[in-house]
Amino acid sequence: MHVRMLSGGLAAACLVSLSLTGGQAVAAAPQTAAASLAARVLTYDAGGSAEFRGAVDRGAAIWNESVDAVELRPAAAGQRVNIRVLADNGWPRALPTTLGNGTVYIGRQAVDQGYDTVRISAHELGHILGLPDRKPGPCSSLMSGSSAGTACKNPYPNPAEKAEVEGNFSDALVGRAPAARAGVIVD
C-alpha cells in the first residue's frame, strides 16, 4: 500500500511536469555521482625500471582494478610524470613528495632474497597512493610488505587498503586538491 501511494504520487508529479512542458515529454539523462566524476589520473614513467618493467605495469594495473578514485597510466612522451620508477641494487623504497607524486625504487636486494616483483611494485605504488607500512602483517595485507615473508606472492590490496586509497583520492572526485604528504618509506 505504501509503495502504491508513493508510485501514485510519482505518476501525478510526472503528469504535472508533462502538462507544464506543453504536452511534450522531456527526458534528462540520468546522472549518477559515479558517472559524473572521473578518477584522478596519475602518470608513471617506468623507463628506468629495467628488468622490472612488466612487474611495474602489472602493479599499476592491479591498483586500477582495485580502486575507482585514482588511475595509474604510463606517461606518454613529453607528458608530465607523477611517479618515476627506477631499479637499483638496494632495498625497495618509495620517496613520496605529495600524495600521488614521488619516486619508487624496485630494489634488487629484495628480489635477490626471493620477494615477488609484482608484490613489491604494487606495495611501493601503494606508498605513493598514501598508504603506510603495516608491519608486521599477514600476506593478505599488501602493505605488510616484507614482513609477510618471501612465500607471500599476494599483490592485491585488502578491502581496508582499497578504502584508504579511495578516501585519500576522494577529494579528486569532487574537485578539491588532495592533502600533501611527503617522506621516505623504506620497506
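**Close-up views of a predicted model**

**View 1. The largest cavity in this predicted model has a volume of about 140 Å³.** Who sits around it? Of its 14 lining residues, Tyr115, Ile120, His123, Gly145 and Ser146 are the closest to the centre. Helix 5, residues 117-128, supplies the largest share of the lining, with four residues. Sorted by class, the lining has six nonpolar, four polar and four charged residues. If you go looking for other cavities of 30 Å³ or more, the count comes to one.

**View 2. Here is the largest nonpolar core, with 31 residues.** Start with Trp63, Leu72, Ile83, Val104, Leu129, Val165 and Phe169, the members that touch the most others. Helix 5 gives the most, with four residues. In soluble globular proteins, nonpolar side chains tend to be buried together.

**View 3. Now zoom in on valine 104, one of the core residues that touch the most other members.** Setting aside neighbours within four places in sequence, valine 104 is in contact with Ile83, Arg84, Val85 and Leu86, among others. Its partners also include Arg93 and Ala94, plus Glu124, Leu125 and Ile128.

**View 4. Stepping back, the chain has six helices and six strands.** Along the sequence they run α-α-β-α-β-β-β-β-α-α-α-β. Of the 187 residues, 36% are buried. Among contacts with a separation of 6 or more, 62% join residues 24 or more positions apart. The chain exposes about 9900 Å², and carbon and sulfur atoms supply 59% of that.

How values were computed: Residues are numbered from 1 along each chain as its sequence is written. This is a predicted model: local features need pLDDT of at least 70, side-chain atom pairs count only at pLDDT 80 or more; totals for chains, interfaces and linings use all residues. Side-chain values use heavy atoms; hydrogens and water are left out. On a 1 Å grid over the protein atoms alone, a cavity is a set of points where a 1.4 Å probe fits but cannot get out, and a pocket is an open set with protein on both sides within 12 Å along at least five of seven lines; lining residues have an atom within 4 Å of a point. Grid points are joined across faces, edges and corners, and a volume is the space filled by probe spheres set on the points. Helices (H or I, at least four residues) and strands (E, at least two) are DSSP runs, numbered from the N terminus. Ala, Val, Leu, Ile, Met, Phe, Trp, Tyr, Cys and Pro count as nonpolar, Asp, Glu, Lys and Arg as charged, and the others, Gly among them, as polar. A nonpolar core is a set of buried Ala, Val, Leu, Ile, Met, Phe, Trp, Tyr and Cys residues joined through side-chain atoms within 4.5 Å. Buried means under 20% relative accessible area, exposed over 50%, partly exposed in between (1.4 Å probe, protein chains only). Contact means heavy atoms within 4.5 Å. Accessible areas come from the Shrake-Rupley method with a 1.4 Å probe; for residues, only the protein chains shown count as cover.
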